Amino acid sequence: MFLMKDIVRDGDPVLRKQAQKVKFPLSDQDKKLAHDLMEYLEVSQDPERGQELGLRAGVGLAAPQVGVSEMMASVLVPSEDENEKDKPVFKDVIINPVIVSNSVQRGALTEGEGCLSVDKDIPGYVPRAARITLKYQDVDGKEHQIRLKNYPAIVCQHEIDHLHGTLFYDHINKENPYAKTDDEIFIY
Ligand SMILES: OCN(O)CCCc1ccccc1
Ligand code: NI
């Protein structure tokens, strides 16, 4: 079980490295990593258990954030309404993910982004592709190619950035953090 003490913070070089492709079939170590990356999200999103363990809630967690420079990240975007808890909008461990295409249209979260590896709040819009076509392998090595939009698309781009050594604030406009072009959509 990962705890906050296991999460690498900004400044550690592992967060700025290009992660290595994961080989299949997964080693026992990689199987455990995939499980633990998803377990963190599930527990951190459970109010009682998350609080009890002092976890910052997260909708994604990339292997480099726990010091493992491999192309693997968990994503768990819960459904908006509470009583649909067991039907998340997107839930999977994405391995060797590739964004095969993205919309010209950009999108950003109105409240900006945060990161479990960045302790301070960094305000500003994080412009991303509004829609993406994502190709990845799951823990069984099965290839998936899916189209994502809105929050799941934003989260997956945030996680895939981690695998290439990019952090969310790298995308924030230095001159005007809230600069927006007219065709940008805003989510949430
Ligand atoms: O890398 C994931 N982690 O730092 C948790 C935060 C995830 C996240 C937060 C806001 C927008 C997109 C993704
Ligand atoms: Ni992050």
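Buried means under 20% relative accessible area, exposed means over 50%, and partly exposed is in between. This model is predicted. The cut-offs above sort several of its residues.

N150 sits in helix α3. Its phi is positive, about 55°, although N150 is not a glycine. N150 has 34% relative accessibility, so it counts as partly exposed. N96 lies in strand β3. Phi of N96 is near 50°, again a positive value in a residue other than glycine. N96 has 10% relative accessibility and therefore counts as buried.

The backbone has another feature to note at F24 and P25. The peptide bond from F24 to P25 is cis, with omega near -5°. P25 belongs to the segment before α1, and α1 spans 28-44.

**The nonpolar cores**

In soluble globular proteins, nonpolar side chains tend to be buried together. Here the largest nonpolar core has 22 residues. Which of them have the most contacts inside the core? They are V75, F90, I94, I132, L134, L148 and C156. Four elements each supply at least two residues of this core: β2 (72-77), β3 (90-102), β6 (131-137) and α3 (150-163). Helix α3 gives the largest share, seven residues.

A second core of 21 residues is separate, and L33, L37, M38 and L41 are among its members.

Neighbours within four places in sequence are left aside here. V75 is in contact with F90, I94 and C156, among others. Its contacts also include M38 and L41, which are listed in the second core. V59, G60, K91, D92, V155 and E159 touch V75 as well.

**Ligand 1 and its shell**

Ligand 1 is surrounded by V59, G60, Q65, L109, E113, G114, C115, L116, V155, H158, E159 and H162. By class, this shell has five nonpolar, five polar and two charged residues. Which element gives the largest share of the shell? Helix α3 does, with four residues.

| Residue | Protein atom | Ligand 1 atom | Distance |
|---|---|---|---|
| G60 | polar backbone atom | nitrogen | 3.5 Å |
| H158 | polar side-chain atom | oxygen | 3.1 Å |
| H162 | polar side-chain atom | oxygen | 2.9 Å |

On its own, ligand 1 has 360 Å² of accessible area, and the protein covers 93% of it.

**R128, a charged residue inside**

Where is R128 placed? R128 is in strand β5, residues 128-129. Is R128 buried or exposed? The relative accessible area of R128 is 3%, so R128 is buried. The side chain of R128 makes a polar contact with the side chain of D161, at 2.9 Å.

Neighbours within four places in sequence are again left aside. R128 is in contact with Q105, R106, G107, E113, I154, Q157, H158, D161, F168 and H171.

Notes
Residues are numbered from 1 along each chain as its sequence is written. Chains are lettered from A and ligands numbered from 1 in the order in which they are written. This is a predicted model: local features need pLDDT of at least 70, side-chain atom pairs count only at pLDDT 80 or more; totals for chains, interfaces and linings use all residues. Side-chain values use heavy atoms; hydrogens and water are left out. A nonpolar core is a set of buried Ala, Val, Leu, Ile, Met, Phe, Trp, Tyr and Cys residues joined through side-chain atoms within 4.5 Å. Buried means under 20% relative accessible area, exposed over 50%, partly exposed in between (1.4 Å probe, protein chains only). Contact means heavy atoms within 4.5 Å. A residue is near a molecule or strand if one of its heavy atoms lies within 4 Å of it. A polar contact is a pair of N or O atoms within 3.5 Å; within protein, one must be able to donate a hydrogen and the other to accept it, and residues adjacent in sequence count only if both atoms are side-chain atoms. Accessible areas come from the Shrake-Rupley method with a 1.4 Å probe; for residues, only the protein chains shown count as cover. Ala, Val, Leu, Ile, Met, Phe, Trp, Tyr, Cys and Pro count as nonpolar, Asp, Glu, Lys and Arg as charged, and the others, Gly among them, as polar.
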